[in-house]
Amino acid sequence: MKLYRPATVLVGLLFVLLGGVTRLAGPDHVYGEDQNLKVVHGTIGEALPYAGSGSTMKVIRIKFAKSIVSADAGDDDKPFDTNGVFVAVEWDAIRGVKDPDSFTPTLITDGGSVYQKVSDPSESRIDFPDAGFASTGTVVFEANPADLKGLTLRLKPTMFFNVYNSEIRVDLGVPTEAIAQQMVDGAVDQYVVNDDVTRVAS
């Protein structure tokens, strides 16, 4: 029977170990958020748990508008107009004991578009209040009227470490292009963006 030389065995073991390290250090394992990111799906009116923090987020309703204006705007302040359409997402957030991770709100569609929230007016935002409180508010996005099918609110946490987390996706009730067009056609001339209202959580 032929015996393998010790040097040959050591070289073989070295290649096996290097292969294992390479797989562990691959981008899908070290940097791939998706493996540690649970997606929580919901619909309008449904309170969804956020990232295991004990907090919940709920979309109350959405409104389409041709222009938006701050509730604190003066007589000389002009409304914000768009060549597309504004989508105002009215939300209700209840804060748990644990501090929720920060997140970036976006709207996504079946067509692959990603819409960012508008920076003005400043009342357009979505966030959690202090522990033991709840708040309601509005976050506004500027969107392309031709790509609204499958419109979904996405709240993706900011992940600095490769740890288990979850994101929220809320179906905003635009399943077809025909319904999307109906909602665009029914857009209000002007939507007033109010500041957040905070209350004690019940």
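Trainee: Which residues do ring pairs link into a cluster?

Mentor: This is a predicted model, and it holds three aromatic pairs. One of them joins tyrosine 50 with phenylalanine 103, and another joins phenylalanine 103 with phenylalanine 128. Phenylalanine 103 takes part in both of these pairs. The cluster linked by ring pairs therefore consists of Tyr50, Phe103 and Phe128.

Trainee: What is the angle between the planes of tyrosine 50 and phenylalanine 103?

Mentor: A pair of aromatic rings is described by the distance of the centres and the angle of the planes. For tyrosine 50 and phenylalanine 103 the centres are 5.5 Å apart. The pair counts as edge-to-face because planes over 60 degrees apart fall in that class, and here the angle is 65°.

Trainee: How many residues apart are tyrosine 50 and phenylalanine 103?

Mentor: Tyrosine 50 belongs to strand 2 (residues 48-50), whereas phenylalanine 103 belongs to strand 5. The pair thus links distant parts of the chain, and the separation is 53 residues.

Trainee: Is tyrosine 50 buried or exposed?

Mentor: The relative accessible area of tyrosine 50 is 1%. Because a residue under 20% counts as buried, tyrosine 50 is classed as buried.

Trainee: Where is phenylalanine 128, the partner of phenylalanine 103?

Mentor: The pair of phenylalanine 103 and phenylalanine 128 is edge-to-face, with 6.1 Å centre to centre and 85° between the planes. Both residues are buried. They are 25 residues apart, and phenylalanine 128 is in the loop between strand 6 (114-116) and strand 7 (133-143).

Trainee: Which residue in strand 8 is the bridge partner of threonine 104?

Mentor: Strand 5 and strand 8 pair in the antiparallel sense, over six bridges. Strand 8 covers residues 152-157, and five of its six residues are buried. In strand 8, the bridge partner of threonine 104 is lysine 156.

Trainee: The side chain of threonine 138 makes a polar contact of 3.4 Å; which residue is the partner?

Mentor: Threonine 138 is in strand 7, and its relative accessible area of 6% makes it buried. Leaving aside neighbours within four places in sequence, it is in contact with several residues, among them Ala88, Trp91, Arg125 and Val193. The polar contact of 3.4 Å joins its side chain to that of tyrosine 191.

Trainee: Is the peptide bond from aspartate 120 to proline 121 cis or trans?

Mentor: Most peptide bonds are trans. Proline 121 is found in the loop between strand 6 and strand 7. The bond from aspartate 120 to proline 121 has omega near 0°, and is cis.

How values were computed:
Residues are numbered from 1 along each chain as its sequence is written. This is a predicted model: local features need pLDDT of at least 70, side-chain atom pairs count only at pLDDT 80 or more; totals for chains, interfaces and linings use all residues. Side-chain values use heavy atoms; hydrogens and water are left out. Buried means under 20% relative accessible area, exposed over 50%, partly exposed in between (1.4 Å probe, protein chains only). Helices (H or I, at least four residues) and strands (E, at least two) are DSSP runs, numbered from the N terminus. Two strands pair if DSSP finds at least two bridges between them. Rings of Phe, Tyr and Trp (its six-membered ring) pair if their centres lie within 6.5 Å; planes under 30 degrees apart count as stacked, over 60 as edge-to-face and the rest as tilted. A polar contact is a pair of N or O atoms within 3.5 Å; within protein, one must be able to donate a hydrogen and the other to accept it, and residues adjacent in sequence count only if both atoms are side-chain atoms. Contact means heavy atoms within 4.5 Å.
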